Amino acid sequence: MGEGEILLHIQDLDITFEPGAHAVRFLELDIRKSEIHGLVGESGSGKSVTSTAVIGLLPSPPAKISSGKIIFKGRDLLKLGKEEMRKIRGREIAMVFQEPSKYFNPSMKVGEQIREMLSLHFGMSRKSAVERVLELFNLTGLGKSNFGGGRRILNSYPHELSGGMKQRAMIAMGIACSPSLLIADEPTTALDVTLQMQILDLIHDLQNRLKMSILFISHDLNVVKHIANRVSVIYAGKIVESAAKGTIFKNPMHPYTKLLLLSIPDPEKRGTPLKTIPGTVPDAESIPSGCAFHTRCPYVRKICEKEIPALKEYENGHTTACHFAGETE
Amino acid sequence: MPLIIFIIKRFFRLILTVLLVSTIIFFVIRVIPGDPAAVIAGIDATQADVAAIRAQLGTDKPISVQYIHWLRSVALFDFGNSMITGEPVTKQILKRFPITLTLATLGILMGMLIAIPLGVISAVKRWSPVDYFGMLLSQIGMAVPSFWLGIILLLLFAVKIHIFPLFGSGGIKYYILPSLSLGLARAAVILRLTRASMVEELSKEYIITARAKGLTERLVKYKHALKNALIPVITVSGIQFGYMLGGAIIIEQVFSLPGLGRLFLTGIYQRDFTLIQGGVVFIAFVFSLINFLVDILYSVLNPKIRVG
Amino acid sequence: MSKSVDSALEVKNLTKVFHGHSFFRGKQETSAAGKKETGDGDFTAVDRVSFTVKHNTIFGLVGESGCGKTTLARSILFLDPPTSGDVIIDGTNLKNLTHRNLRLFRKRMQIIFQDPNSALNPKLSIKRSLEEGLRNQKYSSGKITGRIDRLLDLVGIPVSCKNKYPHEFSGGQKQRMVIARALSLEPEFLVLDEPVSNLDVSIQAQIINLLMDLKKQFSLTYLFISHDLNLVSYLSDEVAVMYRGRIVEQGPVLAIMENPLHPYTKKLLLSIPGNIEKIKNRENAEIFLTGKKPGKDVELFSLTGCSYYNECPVREDFCLKEEPSLRIVGIGHLIACSNDKYLKNQLLYKS
């Protein structure tokens, strides 16, 4: 299936939240080495729950992982002990969050917040850790003089930095220990459009240099189209389609992906109404039977209401979960 | 804003507060009915006697002159002599202040020592036996008046078992029971605040970041969350401390400690206007000073506050 | 009172200043992109903005957070009266209205915000929410029920849901309710302030279609405010780009899309993911996205000329001399840029 060695393999992952919310349903996802994998979904689709499960930070209770495997470099993360998992966090799998102003400790200097993880994971001395932090600032463009230089950022509190600078610092923190997998959860959603572009370019550039894999979570198809190599679409806790970027945007197979692409306003289609998906995104407490999309699908047939379609491969590396994939044109 | 400018700004605010309080107390005393001179002179005094006392007090001069005179005495920390005993007010206050200071310091320390660790543990181990114990303790602490607690403590540890003296002042042992009864009431408040504050911090997003970085739970809780959680606790404790410095009147009464509270209480009974006047300004000054120190501490803990 | 006027809304030299040292400090926009200090801590959120919206058209206002677009919207509706300048709706200058008349006039102009949660009273059922407005209009109780049913039908909410409370609905449905309530007063003019930014992609399209339908059905006029240039260009007839409280470029949507002139407009357009891939002369374009002309930046508080100076890739020393005002470069196409040489090149290149 496709090319490239698999770094992270999620199999049959099933997560419920007390009482009775089915957030992630038998999810399957492969992330290959050195790829930017875009995970697209609407609010409540389970994309953040999935990434939180990967990094082992789901609060339990209320969350419960009832089945599945998360294989990372040959080990099932779900079987690891707390301490083993802690050593992987930040070191092997790191995370970048949506709102840097909330996700930094407000009363601790930015430099210290990055330094402490270097000392912890690598046992680095304070001095060499600080050197490494400055190096990271240079990598993320924070060393430039128009930001006052890396030393100034080192000793700044988060609120003293602008939104764009904070997100750069957050990315510096994410790549601090050169992880093999970086999870970026809506890293540009809170930013202005012009800043968003700069941060996307930065992430792209860093991936090129450091060759890590990135799981890029977003609700914005345009953003994912810009940055990802592969794209998976998640709906109601299940991957409905996954393919290389070129394939999925040119030749989407699942009706949800198709309609989602058509519902984006495009100035070139002025004057014609947008294609819409009727109804609303189902919440995790009442997921429709069979194919979860059947209540909104224009191509719905009898079987869709009863049977959950499996994620099947149709062309090389292009998988989709629809009973009529390839038939609905 | 750099810390030093912040400190200077807050210091001016302190001066302004004291000035404002002095002005208010000056006018209030002159507005309330009754001529202090007549009160001092007594019912049988002649007009001449009253006039003489007035001259001695300076209340015969125009109000503007009196006001300037008053401000000067505030600035020099010299509040004149007591109308009753004739002793300098400043001297009386300073003589009593160490007692109240000791009482309040020990009180707040005991309160914080009991409340903060218990509050933190309660928050970290929510709904555990420790948490229930803490909540029970804070309920009791809030419900029980401190004078009653004081009496009980006296009965237990001074009458039944002679560990501590029954009353009076002297060495540290005279302060243990009164500061404990004072401190326990504060502990109740501080404990609840610490717990709530710690719970809130632990639910914030930066805690997720700290965990995602692979920090140990100890670092997450005690390096990241605790410092932020203590910010409001420090502020409230500081203000509580300020209140106690104004004199814990009832506790001083129960334990017969000759502190500031009792001095002012006597002053009020005896209509000793100069003493009351000086006392109010002194309390205002101490209170503002504590606030000032708390503000500085707060801004060191929470760099964000310096912006505004 | 008014004869038929061509324009539904005319804004002339509207300025809104927040006073920094005032006790009753207005809500300020503090983003770095929007700061404009004018001494004494006064803050000019909107600076001499003028534009005209024709009847039954959509005027799109684009800008990033803190550029003053929301302040402008509030000022236009006199929710926060402007510091100076005129707002003329259908020939009536709002400045000249008494409080009472202004209140009556407001029925004709409604505003819809980004967050429907703060716009709906959580304690009122949908029916009650709608009733309130209708009662104020002196509808008889018999007519009110019919009217509510019709409004819900219009915005696509099942009439059977009318006794439900806001929390029982999804974000998209709540926004539909807010639209229904705005429509209940039979306005002619709607200000839409990021009405779909909080919604999921699949829901956004529904709401946009609904707004377009309603516009057609009731001949409405919209002032559509958004940070999303793609969306604004999809639905607007005319577009204005705002930067630091000023309009830097304005014109018919096709002119802005196909021939953007101001360096900031170019940057905004190129910042939309996917757009730069579409452009043939990429290197040339990238200057506007990331490029910055070498030279010394000017501290914001002492910046006298063009407010885009510090970020501009085509700046010249004379840009600092005076603030450029809007001037005509094409049919209805206005731009605030002093660099004639740059503009000439741009226009030549196009023709």
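Predicted model: local features only at pLDDT ≥ 70, side-chain atom pairs only at ≥ 80, totals over all residues.
From chain A, at least two residues each come from helix H1 (47-54), strand S4 (63-72), helix H2 (82-88) and helix H3 (100-103). From chain B, helix H5 (89-124), helix H8 (173-202), helix H9 (205-212) and helix H10 (217-245) each likewise supply at least two residues. By residue class, the lining of the second largest pocket consists of 23 nonpolar, eight polar and 13 charged residues.

Chain B, which contributes to this lining, contains 13 helices and zero strands. Along the principal axes, the C-alpha atoms of chain B occupy a box of roughly 85 × 60 × 30 Å.

The contact between chain A and chain B was examined next. It involves 25 residues of chain A and 19 residues of chain B. The size of an interface is often given as the accessible area lost when the parts come together. For chain A and chain B, this buried area is about 2000 Å², with 62% of it given by carbon and sulfur atoms. Of the area that chain A buries against chain B, 26% is supplied by Ser107(A), Glu116(A) and His159(A), more than by any other three residues.

Side chains of opposite charge can pair when their charged atoms come close. Three salt bridges are counted between chain A and chain B. One of the salt bridges in the structure joins Glu116(A) to Lys223(B), with the closest N and O atoms 2.8 Å apart. H4(A) gives the most, with seven residues. The residues on this side comprise 13 nonpolar, six polar and six charged.

Helix H4 (residues 110-122) of chain A also holds both Arg115(A) and Glu112(A), which lie three residues apart, about one turn of the helix. The side chains of Arg115(A) and Glu112(A) meet in a salt bridge at 2.9 Å, N to O. Over all chains, the structure holds 34 salt bridges.

Two pairs of chains touch, and chains A and C have the most contacts. Here, 34 residues of chain A are in contact with 31 residues of chain C. Chain A and chain C bury about 2700 Å² between them, and carbon and sulfur atoms account for 57% of this area. Val193(A), Thr194(A) and Arg270(A) supply 22% of the area that chain A buries against chain C, more than any other three residues.

Between chain A and chain C, zero salt bridges are counted, whereas 13 residue pairs are in polar contact, both residues being at pLDDT 80 or more. The elements giving two or more residues to the side of chain A that touches chain C are helix H8 (193-210) and helix H9 (221-227) of chain A. With seven residues, H8(A) gives the most to this side. Its residues divide into 14 nonpolar, 12 polar and eight charged. Chain B and chain C, by contrast, do not touch, and their nearest C-alpha atoms are 12 Å apart.

Conventions. Residues numbered from 1 in each chain as written. Chains lettered and ligands numbered in written order. Heavy atoms only, no water. Contact = heavy atoms within 4.5 Å. Buried area = accessible area lost by both parts, 1.4 Å probe. Salt bridge = Lys/Arg side-chain N within 4 Å of Asp/Glu carboxyl O. Polar contact = N/O pair within 3.5 Å; in protein donor to acceptor, adjacent residues only side chain to side chain. Helix = DSSP H or I, 4+ residues; strand = E, 2+ residues; numbered from the N terminus. Nonpolar A, V, L, I, M, F, W, Y, C, P; charged D, E, K, R; others polar.
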